[in-house]
Amino acid sequence: MSRPLKIILGIVLALVAVVVLALAGAYVLVGRSGLPQVTGELDLPGLQAPVTIHRDAAGIPHILAENEHDLFFAQGFVHAQDRLWAMESARRAAHGRLSEVIGDRGLVNDRFMRTLGLTQAAQADWEVLDARSQAILQAYADGVNAYLAQAGSHLPPEFKILGITPEPWQPVDSLVFGKLLGWGLSNNYKHELVLAQLAPRLSWEQLLEILPEYPGPDVIPDAQQAVRLGRTAQALLDFQTGWEEALPLARPDQGSNAWVAGGSRTASGLPLLANDPHQGLSMPSLWYEVGLHSQDGYQVVGGSLPGIPGIEIGHNARIAWGVTNARPDVQDLFVETLDEQGARYRFQGEWRELTLRQEVIQIKGAEPVTLTVRATHHGPLVSDVLEEAEEPLALRWTGLDPWPLAQAILELNRAGDWEEFRAALAKWELPGMNFVYADVEGNIGYQMSGAVPIRASNDRQGLVPVPGEDGAHEWTGFIPWDEMPHALNPAADFFASANNRPVGPDYPYFLSRYFQPPYRVARISQHLRQGKNLTAEDFARLHGDRYSAINLQVAQVLVAEATAQDALQQAALDALAAWDGFMEAESAGAAVSEVALRQIIRLSLAPALGQEGAEQYLTLAAYPYMYLQNILDDPASPWWQGDRAGLLSQALAATVAEIQAELGDDPAKWSWAGLHSMTFAHPLGSVGPLRPIFNRGPFPAGGNWNTINSGAYYPEKPYAMGLGPAYRIISDPADWDASRSILPTGQSGHPFSPHYDDQIAPWLAVEYHPLPFSQEAIQAAATETLVLRPR
C-alpha cells in the first residue's frame, strides 16, 4: 500500500523564502481557521436526504445515510474535511500537474507521469465500470466539491502557504489515484534495471544464486541471452529515484501481514482476522478510518484511502478481509529497435508506426513544455524521459490496461459470503493482492487477486529487460481467474500471508520472483499453528513481535566464527552472544546484527560485482536476505571467497567501524534506536521554522525488514525507519464491536487538529482504539455529531 501527502521534495526548496516570510502569521491566519466543522448542522446542495455523521474519540466518522448516493457523497465530504491536501497533492502528482503550482521543480514528476499515461489509463477505467459504480464515484466527487464550496477560503494551511486553489474533484481523479497506488505496489521494473547492470558481470547461474528466495524454473538460458544495456539503465534509475524521493506512493512497499485463525483455534469458536499493511510513513497517514452505513445495502467499517470511495480493509456485517501485496510480476521492459528517424519500431520483421501523443505541461512562472510521448504496442517509451537514452525501453504494465478496480472495492464492501467475495475480487485486477477472509458462519479463506500475465517465454524469469523485436516474450493472456491461488477452510484452520509465495513450485503458471523472504510468514504461522483459544490480545502481541530469525543467525555465526582484533570488536561479539534475536530499540545486539548483515552481503559480493555493484544489489531489498540465508547455511559456498572465517572477521571489523562512527566509542551507549529512529515527516516540515508545526518525531524505533512489527528502512538510506505498519486492525466476527484498530499518526491531515498526531503514542506501543460497528456502539462512542441536510 507509502502516501500522497509527500509531493516532490523540491516543493519546499522553491518556496522557502515565501514560507519563511509568511511563518510569523501562519498560526493565526491559516491555522485553526481551516479546521472543519464537525458538530451542528450544514445545509448542502446535492443531498437527497439528511445524513448524520458521528465522530468518536479517535476522530473516526461513522456516516449514517438513507441511501448509497448520500452515503458516498458524505464520504467524499469527510475525506475532504480531514485530508484535502493529501488528496490534492496525490491527484496532481498522478496527473502530472505539479509544475502548475511549484514551477519547474515539478517537471521530473510531470514528465514521467505524462509519459506513463496514468490519466489516459484512468479515463479508460471509467469506461469499463458499471453504471452503479459510476454513479457512486460521481456522488463521492460531488461530496468533495460540496466541502470545497462550504469551506470557501478556510482551507488547510498548505493551500494558503503555497497559494493553491483546488479545482473541483472529478471521478477520474479517484481513478487516477488508484492507478498511482497500483504503481507503487507493482513496480518491479526497477529491479530489471538494476539486474540489467549486474547480469553482464555474472554467469546466469551466478545471477540466479544471488536471487534465490524461491525456486525458479528448471530451464537455465545461456548467460549471453541477457540484454546488455548501456547508461540507460542507470540513468533511468537515477531519474526514478529523483521523483520517488518526493512521492512515496510511487515507491515499492516493504510488505504487509495478514492472517486469520479459524474457530477451532480461537476462544470464541468463530474466526479472528488481523491485518497490517506496511507502507511509507509520514504526516498524515495514508489510511483513513470511516464507517459507512446506509439503509439500502452498505454496513461496512475500516480503512479507506482518501480520494477513493469505499473501504479497502475492514469488515461488513457478514465478512471481514485483510490484504497484503501479492507481488506478482506485472511489468516488463522491452528493448525496442527504432528506425533512424525514431518514428517506427521493428517487430517480427516488420516496421510499425510508433503511437504518438502530445502533452503540454504548464509551468508556474515559465513557458509551457510540450512533450511528445512515443509508444509501441508494448507500452510507452519510458526511456524518453531522459535527455539522451542509448536504448529505447518500452514498459508493459498491467496498470495501463482498463480495469474496474473501483467497482471491485464497492462490490467487496457489499459481499455477504465467500462466493460474493470471490466474485468481487475477480474484478480486482490491479494491484495484485493476497486477501484473507473470515465470515460469521465460521468460514476462513484465501484468494490471490490481480491480472497476472502469461508470457510466450519465461526464460528470463522476469529478471531483466527483453528484446522487443523478436516477439519471443509477448504477453499472450492472463492467468484464468479460477486458476488463481485460492482456498477455503484448510485442515490447519488458519491462513497467513506476508508477501510470501502463495503456492508451491508445482503451480502451473509463473507468478513472480519478487516475493518477500519467508521469515515473517514463518513466525506468524508458528504462532497460529501452536495457538489454542486465541484472542484479540494474542493477535495484538503478534502485531508487536520484533523477532528476526535471519538477524539472530548472523549473530550466532559471527560469535562462533569471527575473530575480534580489538576491545570494541570483542564488545560487539559479546553483545551478539547475549542477544535473543528481538530487534528492540534499546538493543545493542540488534544494532550490531543489522549492520553486520549488510556488511557480510557487501563483502561477499564485491569481488564479483565490484563495490558499486554490491551497493546496487543491496537496494533490491528482498533478494539479499535469502542470498545471505543460503551462504550462512553453506560454509562451502564459493561466495565466501574460500575464507569464511576471514570474511566474517572483516565484516565484524567493518561493522564496528560503522557503528563507532555513528554512536561513538562506548559500547554501553550503542543501541538499535541510535541508528534507527522514526520521524513522521510532512514536505513542508523540511523548512526549519515549519518543522515543529508539520513534523512529529524522531521517535526511537525497533524492528526491521523481517520482523512482524516492521521497522523497515529504504535500502538506499540505512537505517532511518521509513516504512512500517500503516494501519493495524483486528476484526472479530464473533462480536464486530470488539474489533480494534490504530493508525500511525491520526485521522486528520490538519496540523492544528487534535487528531493530527493523537495516535502516535498508542501506535508505537502497539495499542488500539475501539472500532464501533453497531448503531448502539456508534452512538455510545460518539463525541461529536454533524448533520448534513439537503438544501
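**Exercise 1.** Find which residues Leu-788 touches, leaving out residues up to four places away in sequence.

*Solution.* Start with the cut-off: contact means heavy atoms within 4.5 Å. Leu-788 then touches Leu-42, Leu-44, Leu-47, Ala-49, Pro-50, Val-51, Ile-53, Ala-74 and Phe-77.

A quick word on the model: it's predicted, so local features need pLDDT of at least 70 and side-chain atom pairs pLDDT 80 or more, while totals for chains, interfaces and linings use all residues. Numbering runs from 1 along each chain as its sequence is written, and side-chain values use heavy atoms, with hydrogens and water left out.

**Exercise 2.** Which residues have the most contacts inside the largest nonpolar core?

*Solution.* First, a nonpolar core is a set of buried Ala, Val, Leu, Ile, Met, Phe, Trp, Tyr and Cys residues joined through side-chain atoms within 4.5 Å. Buried means under 20% relative accessible area (1.4 Å probe, protein chains only). Next, the largest core has 229 residues, and Ile-210, Phe-421, Tyr-617 and Leu-788 have the most contacts inside it. Finally, helix α18 (residues 588-618) gives the most to this core, with 14 residues; helices are DSSP runs of H or I, at least four residues, numbered from the N terminus.

**Exercise 3.** Classify the aromatic pair of Phe-112 and Trp-183.

*Solution.* Rings of Phe, Tyr and Trp (its six-membered ring) pair if their centres lie within 6.5 Å; planes under 30 degrees apart are stacked, over 60 edge-to-face, the rest tilted. Here you get 5.7 Å centre to centre and 65 degrees between the planes, giving edge-to-face. Phe-112 sits in helix α4 (residues 107-116) and Trp-183 in helix α8 (residues 171-184), 71 residues apart. Both Phe-112 and Trp-183 are buried.

Methods: Helices (H or I, at least four residues) and strands (E, at least two) are DSSP runs, numbered from the N terminus. Buried means under 20% relative accessible area, exposed over 50%, partly exposed in between (1.4 Å probe, protein chains only).
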